[in-house]
Number of protein chains: 2
Amino acid sequence: MTDFNKTRAMFHLPEGVIYLDGNSLGPLPKAATARVKAMMADEWGEMLITGWNKAGWFMQPNRLGDRIGRLIGTPPGSVMVGDTLSIKVYQALAAALEMNPSRKIVLSDNGNFPSDLYMARGLIGSLQQGHVLEVVNPEAVDTRLRDDIAVLMLTQVDYRTGRMHDMAAITAKAQAMGIVVIWDLAHSAGAFALDVGGCGAEFAVGCTYKYLNGGPGAPAFIYVRPDLVDKVRPALSGWLGHEAPFDFDLNYRPGAGIMRMRVGTPPVIQMAALDAALDAWEGVDMGDLRTASVNLCEIFIEEVERLCPSLHLQSPRDAQMRGSQVSFGFEHGFATIQALAARGVIGDFRAPDTMRFGFTPLYISPDQVRRAAVVLADIVNSRAYEAPEFSQRGAVT
Amino acid sequence: MTDFNKTRAMFHLPEGVIYLDGNSLGPLPKAATARVKAMMADEWGEMLITGWNKAGWFMQPNRLGDRIGRLIGTPPGSVMVGDTLSIKVYQALAAALEMNPSRKIVLSDNGNFPSDLYMARGLIGSLQQGHVLEVVNPEAVDTRLRDDIAVLMLTQVDYRTGRMHDMAAITAKAQAMGIVVIWDLAHSAGAFALDVGGCGAEFAVGCTYKYLNGGPGAPAFIYVRPDLVDKVRPALSGWLGHEAPFDFDLNYRPGAGIMRMRVGTPPVIQMAALDAALDAWEGVDMGDLRTASVNLCEIFIEEVERLCPSLHLQSPRDAQMRGSQVSFGFEHGFATIQALAARGVIGDFRAPDTMRFGFTPLYISPDQVRRAAVVLADIVNSRAYEAPEFSQRGAVT
């Protein structure tokens, strides 16, 4: 059994705060500050350029990829860390389109994170090869799958509602029609057990600053199915993906396997923080995590609906169709999220009316979830959100 | 007058080390460790998601861009920090090619860093629009400029020899022929005074982990000429370059000006280190820096040639044609660089026979340069490089 008391002790959370926004940015793992300090002082400071070999910076993107691979169900050597999620989406899509040159449609849904759609539009605009991005409702993906589609590109968990696609079923159906599949695991990795390798998808990408707690701007990751990776032509063919970067060859020769998905120099300081963050996952059973996560979500839904019936559940009621977040719709949602923050409960808001709450057993307890529901109900029922200080709009993340 | 005693005190260098490889990776600025620790503990740890606004993470790529802009001669609001240099090269080239759609040749030279050439090949391979990358000798660039060239893409300072292109003259000649110009400033930014804005080039890119001392994997930067930037279609159209990222619009609308060159979530921890590193440049006059840099290079050339005539100068003898590094050719160069490191003098090696030494007045003194020349001469003249422990090859960076 996973000991969540032990994992909770591994995170720093400000006094009095109940943090239900780890689906946007995970909190600080206590070990990360010391790890980064040591990396800077003992490695950068003392080893200087030799740190690339002596301190192992060069292969750190691979090692971190393998650590993430354990959490998402992929074999060693199939995941590479680096860049940002948007860049990894671009890499995957550029490769996927070349695998299906006779088809021109990229299918996605409007629950995909907008940046994924933007990156697809940017790539399509560059290619000028007649590709089209088609965006449907999440519920319509299944029926839209046909053999005119080149690539299916989805975020498994809808960032708005927490609605979860059935990865195995959709992948199987799409692949039977010759469609190449890309999964974005931004709201999946570290949220529940995954079997990305087993589902057979060609590509998966994700970020590490949400449920994996790698810190603001932590690098992203990309998975390529091992039997395909050596056929992938990297569109972003940077020198660290070269077969022999230190030959300084004028021509590009892709590295073996997942090495070719590297681009430029990896962010060594960010990687030290991410490495410390991944320590919290040692000893965590992903089945236990899912059970605990569902429990937290169910407590929240039950308590909020009991105490505050005016709110409208936007997430699927069926836990099997939901990631590790719960969204409630409320016309005064923006001000309510501000009022919650003023009382130490951090969630976030997505226009037009969604209040989002992420549930992460690694550092959130059932008691905290109950308290958060009480505070939310009090704000809504007392109309505390009407106070003028809560209505001011800014850039909400 | 710039006080280089003061700047030298701002860097940590290991006891007994003379570091002549800051052209690969700058040393640790003493302030960086504390700055990063504070960012992690006080911002990430305490502000959590609200750090994007409260701690100013969101606009940090712009602020850092402006700080770099002062060093490279560009106006405020024209430089954006983020991603890696390879990604920034790709962004610039993708945009540049669209500005010159009737031409198909990308001209570069074999002194350009290989990753720039690889990224160009990757982009051309994706576009399938008949583009060709033509790579000539650095000396041949000038005569190869003709009106069939779409984009001229050069690294100003040759990473092998330190040979410097005349940025103003080449830009003017190329632009008179309708060629779009991209300068890679990897070995220029922080190495000497630049007038990137004044030369009129459309694009410039660079990294911050060499002469700017931002740390391993520090983010890159991109400059776009202000009168053009609003016409640039971003190929890497990530959400943080969107006009209104928090509208979560399904369609991409590029942000105003340089904002559109943002892609994904910026590396906040790396940016804290870079910000501390840039503090060392406050009060540094770039003219003084150049004078001091030339002085260090001249001392090294003079002493090495005097003490050790068997080495062959590969860098231009004319300081005006040289960046802030000096290269000597030597058939036993690899082993000699290892032998130097064993005696505390850090340079680096580039195949087949180049020993490179970077000179950075911010933390290198004339006395250190003289001592380094003595050690080098002793190793060469005594054939100390023949010791078996110095001949073993590994990945040298």
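Is A:Asn213 buried or exposed? A:Asn213 is buried, because 29 other C-beta atoms lie within 10 Å, and 20 or more count as buried. Welcome to this predicted model.

**Where the chains meet**
- Chain B brings 79 residues into contact with 79 residues of chain A.
- On the side of chain B that touches chain A, at least two residues come from each of these elements: helix H2 (30–47), helix H3 (51–54), helix H5 (85–99), helix H6 (114–127), helix H11 (268–279) and strand E14 (348–350) of chain B.
- The element that gives the most to this side is H6(B), with ten residues.
- Sorted by class, the side of chain B that touches chain A holds 45 nonpolar, 25 polar and nine charged residues.

**A sheet in chain B**
- Look in chain B for an open sheet of seven strands, which follow the order E4-E10-E9-E8-E7-E5-E6 with mixed pairing.
- Strand E4 (79–82) and strand E6 (132–136) of chain B are the edge strands, each pairing on one side only.
- From one strand to the next, the twist averages 20°.
- Within chain B, strand E5 (residues 105–109) and strand E7 (residues 149–155) run parallel and are joined by three bridges.

**Backbone details to look for**
- As background, most residues other than glycine have a negative phi, and most peptide bonds are trans.
- In chain A, the peptide bond from A:Ala351 to A:Pro352 is cis, with omega near 5°; A:Pro352 sits in the loop between strand E14 (348–350) and strand E15 (354–358) of chain A.
- In chain B, a cis peptide bond leads from B:Ala351 to B:Pro352, with omega near 5°, and B:Pro352 lies in the loop between E14 and strand E15 (354–358) of chain B.
- A:Asp83 is not a glycine, yet its phi is positive, near 60°.
- The loop that holds A:Asp83 runs between strand E4 (79–82) and helix H5 (85–99) of chain A.
- A:Asp83 counts as buried because 32 other C-beta atoms lie within 10 Å, where the cut-off is 20 or more.
- A:Asn213, the residue from the opening question, has a positive phi of about 65° although it is not a glycine.
- You will find A:Asn213 in the loop between strand E9 (203–206) and strand E10 (220–224) of chain A.

How values were computed:
Residues are numbered from 1 along each chain as its sequence is written. Chains are lettered from A and ligands numbered from 1 in the order in which they are written. This is a predicted model: local features need pLDDT of at least 70, side-chain atom pairs count only at pLDDT 80 or more; totals for chains, interfaces and linings use all residues. Two residues are in contact if their C-beta atoms, placed from the backbone, lie within 7 Å. Helices (H or I, at least four residues) and strands (E, at least two) are DSSP runs, numbered from the N terminus. Ala, Val, Leu, Ile, Met, Phe, Trp, Tyr, Cys and Pro count as nonpolar, Asp, Glu, Lys and Arg as charged, and the others, Gly among them, as polar. Two strands pair if DSSP finds at least two bridges between them. Axes are lines fitted to C-alpha atoms, for helices over the stretch in contact, and angles run from 0 to 180 degrees between N-to-C directions. A residue is buried if 20 or more other C-beta atoms lie within 10 Å of its own, exposed if 12 or fewer, and partly exposed in between; C-beta atoms are placed from the backbone.
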